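Here's a quick briefing to read alongside the model. Have the sequence and the 3D view open as you go.

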Amino acid sequence: MAVFAPTTALTITLFGLAWILAGVSGVLTATLNQRVFPTDLLGRVSATKGTASGATLPLGSLVGGGVAEALGTTTTMALAASGFGFTAVYVLLRPRLRRLPAIETATPDDFDLEIETH
């Protein structure tokens with residue numbers, strides 16, 4: 001909605017509101033990691049995820065800038081937003097994802113993880 005809002009103020013407001021769910025998702029993901037991974041591996045898991053995320057950021061920025069230059073910012077933002085929509089549809093179409101347990105009851109077995117302790 002922010003992409004097609006008629007005013008800059010509404011675009012900024014809607015864009016800001018969209019990040020609330022991203023923040024909630026980040027907290028839930030961190031909580032899930034703490035429930036599923038043993039304490040002695042949690043630092044490595046977090047570091048690996050952070051490194052992978054940070055390492056792909058420059059490439060994503062480069063590609064996004066190229067797409068924006070070629071197609072315009074509105075189209076580029078709409079394409080990016082549709083990626084989130086695709087993710088929602090994917091989860092809806094995958095029964096196993098919809099049946100995952102609540103975070104407070106999740107275990108490594110729920111994700112087919114075999115955790116080796118040292």
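**How the two helices pack**

The buried residues of H2 pack against helix H1 (8-36). Helices here are DSSP runs of H or I with at least four residues, numbered from the N terminus, as strands (E, at least two) are. This is a predicted model, where local features need pLDDT of at least 70 and side-chain atom pairs count only at pLDDT 80 or more, while totals for chains, interfaces and linings use all residues. Residues are numbered from 1 along each chain as its sequence is written, and side-chain values use heavy atoms, with hydrogens and water left out.

**Helix H2**
- Leu-41, Leu-42 and Val-45 are the buried residues of H2; buried means under 20% relative accessible area, exposed over 50% and partly exposed in between, with a 1.4 Å probe and protein chains only.
- H2 covers residues 39-71, so its 33 residues at 1.5 Å each should span 48 Å, and the 46 Å between its end C-alpha atoms agrees. That expected span is 1.5 Å times one less than the number of residues.
- At Leu-57, H2 bends by about 30 degrees, with a proline, Pro-58, following within four residues. The bend is the angle between axes fitted to the seven residues ending there and the seven starting there.
- After H2 comes Gly-72, which has a positive phi, near 100 degrees.

**Helix H1**
- Asn-33 sits in H1 and is buried, at 11% relative accessible area.
- Leaving aside residues up to four places away in sequence, Asn-33 touches Leu-42 and Lys-49; contact means heavy atoms within 4.5 Å.
- Ile-12 is also in H1, but it's exposed, at 57% relative accessible area.
- Ile-12 and Ala-2 are 10 residues apart along the chain, and their C-alpha atoms are separated by 7.2 Å.
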